[in-house]
Amino acid sequence: MNPLVLFLPVYRASVTAYLLGLVALALLDAMRMQFGLILIPSGIALIAIWFFVYALHANRRRHAGREPALAVLPVLAAVLAKGVAAVIGIFPGLVAAMTDFAERNGVDTADDQAFAAAISQPGFQEAFQNDLLTQPELMDTLTAGMAWPSWIGFWLVIALFAIWFARLRPPVAPSVSPGM
């Protein structure tokens with residue numbers, strides 16, 4: 001297996017190289033999230049992983065005799081899924097923090113109508129955001145709550161595309177019968 005298949009979208013990736021590359025990138029991404037990467041900011045590492053995922057998909061399509069342009073589709077869909085999963089992951093913590101903030105400001109959160117009226121007040125959201133900004137440990141907890149859901153969302157979409165891309169075969173040339 002050519003290890004450059006992971007890094008540059010100008011090679012050909014067999015099914016084995018493609019799948020092994022995706023597994024390696026998923027593990028590297030999990031390590032990036034859990035431990036960070038020495039000397040590389042997390043955002044740059046994330047963009048690099050997205051590019052390497054694109055390169056693998058482009059190389060797989062190239063190996064199957066297809067144009068690599070469609071290789072950007074799995075990355076775009078996975079990044080979108082990552083964002084949606086991050087919002088889903090942060091939502092429970094955000095609701096709990098908002099409820100706690102409302103209770104600290106005298107709102108009876110057991111009364112749904114009173115709670116809904118309080119959060120619909122014009123200054124409530126701004127005051128809540130300011131409260132969040134003054135509590136960095138709470139912000140860290142909230143953002144940590146979206147890390148794994150976003151990772152799962154991204155790699156689940158990539159896995160679904162991997163099923164499709166792993167099945168790609170070169171187009172069969174039409175046979176010419178002798179004597180024609």
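1. Valine 172 is placed in the segment after α7, where helices are DSSP runs of H or I with at least four residues, strands are runs of E with at least two, and both are numbered from the N terminus. With a relative accessible area of 77%, valine 172 is exposed; here buried means under 20%, exposed over 50% and partly exposed in between, with a 1.4 Å probe and protein chains only. Valine 172 and glycine 65 are 107 residues apart in sequence, and their C-alpha atoms are 10.0 Å apart in space.

2. This is a predicted model, in which local features need pLDDT of at least 70 and side-chain atom pairs count only at pLDDT 80 or more, while totals for chains, interfaces and linings use all residues. Residues are numbered from 1 along each chain as its sequence is written, and side-chain values use heavy atoms, with hydrogens and water left out.

3. The structure holds eleven aromatic pairs. Rings of Phe, Tyr and Trp (its six-membered ring) pair if their centres lie within 6.5 Å, and planes under 30 degrees apart count as stacked, over 60 as edge-to-face and the rest as tilted. Phenylalanine 51 and tyrosine 54 form a tilted pair, 6.2 Å centre to centre with 45° between the planes. Both lie in helix α2 (residues 42-63), three residues apart, which is about one turn of the helix. Phenylalanine 51 is partly exposed at 38% relative accessible area, and tyrosine 54 is also partly exposed, at 24%.

4. Phenylalanine 161 and tryptophan 164 form another tilted pair, 5.9 Å centre to centre and with 35° between the planes. About one helical turn separates phenylalanine 161 from tryptophan 164, because they are three residues apart in helix α7 (residues 147-166). Phenylalanine 161 is buried, with a relative accessible area of 15%, whereas tryptophan 164 is partly exposed at 38%.

5. Ring pairs link Phe161 and Trp164 with Tyr18 and Phe165 into a cluster. Arginine 61 lies over the face of phenylalanine 165, at 5.7 Å from the ring centre; for this, NZ of Lys or CZ of Arg must be within 6 Å of the ring centre and within 35 degrees of the ring normal.

6. Trp148, Ile152, Leu156, Leu160 and Ile163 make a nonpolar surface patch of about 500 Å². Isoleucine 163 lies in helix α7 and is partly exposed, with a relative accessible area of 48%. Patch residues have over 30% relative accessible area and no salt bridge, with like charges joined within 9 Å and nonpolar side chains (Val, Leu, Ile, Met, Phe, Trp, Tyr) within 5 Å; a salt bridge is a side-chain nitrogen of Lys or Arg within 4 Å of a carboxyl oxygen of Asp or Glu.

Terms used:
Accessible areas come from the Shrake-Rupley method with a 1.4 Å probe; for residues, only the protein chains shown count as cover.
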